[in-house]
Amino acid sequence: MERFVYADNAATTKISKPVLDAMLPYLTEEYGNPSSLYRFGNQAKRAIEKARKEVADVLNADPFEIIFTAGGTEADNWVKEIMRSLKNKGKNHFITSAVEHHALIHSAQRLEKEGFEVTYIPVDREGQINPEDIKKAIRPETGLVSIMFANNEIGTIHPIKEIGAICREAGVLFHTDAVQAAGHIKIDVKEMNIDMLSLSAHKFHGPKGTGAFYCRRGIALNSLIDGGAQERGKRAGTENVAGIVGLGTAIRIANEEMEETTKRVSAMRDRLIDGILEKIPQCRLNGPRENRLPGNCNISFLGIEGESLLLRLDLAGIAASSGSACASSSLDPSHVLLAIGLPHEVAHGSVRLSLSDFNTEEDVDYILEKLPEIVSTLRSMSPLWEAMQKGEVSYDL
C-alpha cells in the first residue's frame, strides 16, 4: 500500500488532540459520579455543565435547553416521543422528507405502524426541498415537522430558516437533524425558528457515542429513558462525562475555526469534484455545486457497482463510502439517490468521498490519481458498460 487516505469523514471523523486532552482527566483522575454529593462528584458535574454551556453558546440556546444523549440517532428518536405526547391533542400528523437519515425514516415508519399519518416531502434532482411543499402539507392535525439541516449522503443544505418560519407561523413544532451540519455550518436556533435539534460529536472531531438534543424551553418533553433524574429527568443513566466534555470542547473549537476550515475544505472538495468530472467520462455529481456541505463529494459512475469500487479503493489505500454509514451493508441502492430520480443501476454505481480539515492537497492528488484507473478497470469487466458502449443501454445524466 503506497499510502492511506481517509475520505469518509461524513461517517465519522478523527478525534482531535485538544479534544482528547480535554477528555483524558475524566477517564483517569476526575472519574467521580456527577450525581454524587461529595466534591469528587461535583467536579465531574461542573465539567458537564461547562460542556452544556459550550454547546448552547454555539447554537445560541440556553444551557437548560441542551440534553446530552448517546448520539444523533438517539436524539432523533425523540421525535417519536414528541408525536406521541401530541396525539391526545388531536395532532396525529407528522411531516418529514424522503431523504432523511434512517434514524428519522425508521422513526416515521414506526409512527405509521402506531396509527400516525406521515407525509414524506419530495426533493428535486439536487436533493433540495421546496419550503412551499411543506407549507402545503401542513394541516390542522399536524404536530411536528422534521427536516434535516444537510443531507448526509449528497451534502445538500436545506433552507432551514425558511422552513422554520413556515412552521412557527403555522403553530407547528419544527425539529432538524443537524448531525452533518453542526460544527460545519453556523446555526442559530432562535434566528432559524428551530424548536428541536439533534447533533453528534463524532462528526466534528469529537468522540463517538456522544450527542445532544436541543429542545426549546416551554416544549413539553417526555422522558426518553427512565430510571434516574439525570438530564432533567429526561434521559436516565450515569452521564458519559468524558464524552460530554469532548463534545463541548469539539463543538467550541469547530465553531471558532469554522470560517478558515470551511474555506480550505471547500476548496479541496471543489478541486476533487472538478478533477473527477474532468478525468472520468460518464459520471454525475449528486447534489448541488453550491449550497453543499464543505467536504461532501458524491459521484455516480455509469457502468459499475459501488461495492466493487469501494473494495478497489480500499486496496489502493483510500477509505470512502457508498452513502450512509448506517446502511453500508445493504445491497439496496440509496433511498436518497432514488429520491433525486436516479435509476437503480446509476444509484448502485455511486461513491461518497468526504473530506475534513485533517485531509491535505496531497490526499486529493492521490484520489485523482487512483480513482480514474479503478473506474476504468471495473468498466472493462462490466457487461452493463459494454452494453452502453454498443448503444443498447443509455442513461440521462
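This briefing describes the sheets, helix packing, surface and salt bridges of the structure above.

The model is predicted: local features need pLDDT of at least 70, side-chain atom pairs count only at pLDDT 80 or more, and totals for chains, interfaces and linings use all residues. Residues are numbered from 1 along each chain as its sequence is written, and side-chain values use heavy atoms, with hydrogens and water left out. Helices (H or I, at least four residues) and strands (E, at least two) are DSSP runs, numbered from the N terminus.

**Seven-stranded sheet**

- Seven strands form an open, mixed sheet in the order β2-β8-β7-β6-β5-β3-β4, where two strands pair if DSSP finds at least two bridges between them.
- The edges are held by β2 (66–69) and β4 (117–121), each with a single partner strand, so one side of each has no neighbour in the sheet.
- From one strand to the next, the twist averages 20 degrees; axes are lines fitted to C-alpha atoms, for helices over the stretch in contact, and angles run from 0 to 180 degrees between N-to-C directions.
- Strands β6 (residues 173–177) and β7 (residues 196–200) pair in the parallel sense over three bridges, and Thr176 has Leu197 in β7 as its bridge partner.
- Strands β3 and β4 run parallel and are joined by five bridges, with Ile95 opposite Thr119 in β4.
- In strand β3 (residues 93–97), five of five residues are buried, where buried means under 20% relative accessible area, exposed over 50%, and partly exposed in between (1.4 Å probe, protein chains only).
- His93, Ile95 and Ser97 point one way from β3, whereas Phe94 and Thr96 point the other way.

- Helix α7 (residues 160–170) lies across β5 (142–146) and β6, at about 155 degrees to β6.

**Three-stranded sheet**

- A further open sheet has three strands in the order β9-β10-β12, with antiparallel pairing.
- Its edge strands, β9 (283–285) and β12 (350–354), each pair on one side only.
- The twist in this sheet averages 25 degrees from one strand to the next.
- Five bridges join β10 (residues 296–301) to β12, and Asn298 stands opposite Arg352.

**Salt bridges**

- The structure holds 25 salt bridges, each a side-chain nitrogen of Lys or Arg within 4 Å of a carboxyl oxygen of Asp or Glu.
- Asp57 and Lys53 form one of them, with the closest N and O atoms 2.8 Å apart; the two residues are four apart in helix α2, about one helical turn.
- Asp57 is partly exposed at 48% relative accessible area, and Lys53 is partly exposed at 44%.
- Arg84 and Glu114 form another, with the closest N and O atoms 2.6 Å apart.
- Arg84 lies in helix α4 (residues 78–86) and Glu114 in the loop between α5 (102–113) and β4, so this pair ties together parts 30 residues apart in sequence.
- Arg168 bridges to Asp195 at 3.0 Å between the closest N and O atoms, linking helix α7 to the loop between β6 and β7, 27 residues apart.
- Arg168 is partly exposed at 37% relative accessible area, whereas Asp195 is buried at 2%.
- Salt bridges with shared partners join Lys45, Glu49, Arg52 and Glu231 into one network.

Terms used. Contact = heavy atoms within 4.5 Å.
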